[in-house]
Amino acid sequence: MWILLEYIAWGLSAAMLLWIVADAVRVNREFDEETLLSSKEGVDELLEHGAVNGNAEDRS
Amino acid sequence: MSDQTASQTGAGSGQERIGLLRVLGPAHVWALGVGIVLVGEFMGWNFSVGKGGAYGALIACWVIGLLYTCVAMIDSEVTSTVAAAGGQYAQAKHIMGPLMAFNVGLYLVMAYTMLEAADALIVGDLLMILAEQTGYDALDPKPFVVLVISFLAFLNYRGVFMTLSLNFIITAAAFVSIVILFVGVQPWNPGAILKHSELLTDLPYGWIGVIASFQFGIWYYLGIEGTCQAAEEVRSPSRSLPLGTMTGIITLLIAATLTWYVCTGLIPWEYLGQATVPLYDAARMTGSTVLQVFLFVGTLFAATASANGCINDASRAWFSMGRDRYMPQWFGAVHPRYRTPFRSIIFLIPIAVSFAFTGLLDQVITFSILSGLLGYTFMPINMILFRRKWPLGSIKRGYVHPFHPMPAIVLMILCITTFFATYLGFGLQLLAMMAFYVVVSIWFVKHRYKYVRRADQFTMNWPKPVGY
């Protein structure tokens, strides 16, 4: 029984990893790179209320 | 389909944006932090008994508990303000600068990926024990190690809500198994099952043994700081992060104390200090099959929850570094449907499997702990600079920790002490790890930093820091 479980574990692992890779390839084809990389750091709630005193200044 | 999905996830500011999904609550934050750590109650902490005896391990449990309470307090304040994926990496970037941020980001990725590999190894070892008990002593753990990593990566790939909801269930179940064991040994009836009066001894190696035991006391709590990685995916970071983190450290302090109490009352310190799965062994000592089954399942769940949380945290740290171009920007991509950092998740799978296939559980765990310890050492400096550059009232804080700067000072002293303790047992590994970070720092300064968009990486809408 344990030998059978070993084969099942290999099979399930391969199936899940193949699905992940196939999905990633599909997403890379369907969406342009600019969209996929468009995430911005931070959270709206804090960005909206970030500065308490006066105007926030650009730190760059 | 792509247009529809992209527009659904757009930020509405003219440019279509895909960000991480904000769906988590305090319970998920608790599940992430405690889930990563709780496996340390089921194994590892007991090596502190071997170094310092039972009482030495209790001192380590509480002293290191104090260290992590300081970590939780400091993290809660800074993260409730710097609420971005990457956790301490994002904190370091905004408060201390790029080089520190690069190092902290690497500490996080290394610590979590190695811990994930160790957790998967533990699941494999547990199944080997089970197979041996059923009469099969030739089980190959590799397919099960790969299955654990693959399944959890699959889960993480498909969304954070389901991932951390599962973590909440299995972490809570593992914690309940410790409580059931505690009740099962009848603590109200000393001497019946628990034999503390016979088993507890003086410090076998004196106070130097107690100091040496600190490095293994870390196992009780290693990873609670991982709650910060959820900062960009919680609905209300200023409320959820402090609540999840502080309830998490309270849970761990309770679990650690219960674990020490039960194990030292059932197993002589000479054996306890070498056991592989001490809580499971304690359940076996009671002679109760029911408790044995509970603790076996609890250990399995704890290791799985830890690996699950580690995949979540390592991928967020790597994703954040990619987004800021500290690493190739390619890793900063978000899945348009599942809203997860899918490329970072995929990239870290073979690395975790490689660590796991070495089979060197103790070495992998040691490097994970050392990376974590380096990260804790940065925190007090970070906290003092944070309060100095942006004093109370200058920016909105979701949580303000009391008694500043005491937690920072205590944390720094305890980190230095624990480094000394680690040097006693793993001096070579410590020096190798330090050399690794020095080399990659030189690489970052000389080669990588020229690719970083210096203005874009600072996103917080804060006033200029005091003195600048």
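Reply: Happy to! This is a predicted model. Let us begin with Arg325(B), which has 19 C-beta neighbours inside 10 Å.

Me: Why is Arg325(B) called partly exposed?

Reply: A buried residue needs 20 or more such neighbours, and an exposed one has 12 or fewer. Arg325(B) has 19, so it counts as partly exposed. Arg325(B) sits in the loop between α14 (289-323) and α15 (342-358) of chain B. Its phi is positive, about 70 degrees, although Arg325(B) is not a glycine.

Me: What makes Phe403(B) exposed?

Reply: The cut-off for exposed is 12 or fewer neighbours. Phe403(B) has 11 C-beta neighbours inside 10 Å, so Phe403(B) counts as exposed. This residue also has a positive phi, of about 65 degrees, without being a glycine. Its place is the loop between α16 and α17 of chain B.

Me: Which peptide bond is cis, and what is its omega?

Reply: The cis bond joins His404(B) and Pro405(B), with omega at about 10 degrees. Pro405(B) belongs to the loop between α16 and α17 (406-448) of chain B.

Me: How do you know that Lys389(B) is partly exposed?

Reply: Lys389(B) has 19 C-beta neighbours inside 10 Å, which falls between the limits of 12 and 20, so Lys389(B) counts as partly exposed. Lys389(B) lies in helix α16, residues 361-389 of chain B.

Me: Which residues does Lys389(B) contact, leaving aside neighbours within four places in sequence?

Reply: With those neighbours set aside, Lys389(B) is in contact with Ile95(B), Pro465(B) and Val466(B).

Conventions
Residues are numbered from 1 along each chain as its sequence is written. Chains are lettered from A and ligands numbered from 1 in the order in which they are written. This is a predicted model: local features need pLDDT of at least 70, side-chain atom pairs count only at pLDDT 80 or more; totals for chains, interfaces and linings use all residues. Helices (H or I, at least four residues) and strands (E, at least two) are DSSP runs, numbered from the N terminus. Two residues are in contact if their C-beta atoms, placed from the backbone, lie within 7 Å.
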